[in-house]
Amino acid sequence: MAETETLLPVPSGQPVHLSDVLLDDNPGELWIRFRFIAPKIGSTVGRIGYDVASADMEHLCKTLAVAYVAKYELDPARVVISLSDRPIEFGRSSPDATQFFEAYRLDQSQCIWEGL
């Protein structure tokens with residue numbers, strides 16, 4: 001999926017846009033990775049920390065990932081929602097970047113937190 005600049009509403013109100021969606025069977029089962037850019041996340045004062053961003057990730061799972069999985073008739077073992085403060089190539093390390101991840105199992109259109 002091409003990068004889009006469409007901002008997605010999240011509970012924190014921070015600007016978030018979808019960077020890409022990856023179908024990954026490398027873990028031995030299908031994982032769908034939804035990668036978002038959230039430039040205001042971070043651990044310093046004035047940034048949006050994990051405690052707030054985790055609610056945004058759950059919201060994105062419920063509102064975007066569930067619909068995507070249904071639309072494309074996929075049956076993933078896990079859905080991974082990631083937020084990054086800047087674009088990062090998948091699988092690359094970027095020590096200066098802030099990234100938050102959460103994994104979910106979908107059960108009857110519900111996002112069940114699995115933790116990573």
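**Reading the labels**

Trainee: Why is Ile37 called buried?
Mentor: Its relative accessible area is 7%, and buried means under 20% (exposed is over 50%, partly exposed in between, with a 1.4 Å probe and protein chains only), so Ile37 counts as buried.

Mentor: Mind you, this is a predicted model, where local features need pLDDT of at least 70, side-chain atom pairs count only at pLDDT 80 or more, and totals for chains, interfaces and linings use all residues. Residues are numbered from 1 along each chain as its sequence is written, and side-chain values use heavy atoms, leaving out hydrogens and water.

Trainee: What does Ile37 touch?
Mentor: Contact means heavy atoms within 4.5 Å. Leaving aside residues up to four places away in sequence, Ile37 touches Pro15, Val16, His17, Ser19, Ser84, Asp85, Arg86 and Pro87.

Trainee: What makes S3 and S4 a pair?
Mentor: Pairing takes at least two bridges found by DSSP, and strands are DSSP runs (E, at least two residues), numbered from the N terminus. S3 (residues 78–84) and S4 (residues 99–107) are joined by 6 bridges, so they pair, and they run antiparallel. Ser82 stands opposite Phe101 in S4.

Trainee: In what order do the strands of the open sheet come?
Mentor: The order is S1-S2-S3-S4-S5, with mixed pairing.

Trainee: Why do S1 and S5 count as edges?
Mentor: S1 (17–24) and S5 (110–113) each have a single partner strand, so one side of each lacks a neighbour in the sheet.

Note on methods
Helix = DSSP H or I, 4+ residues; strand = E, 2+ residues; numbered from the N terminus.
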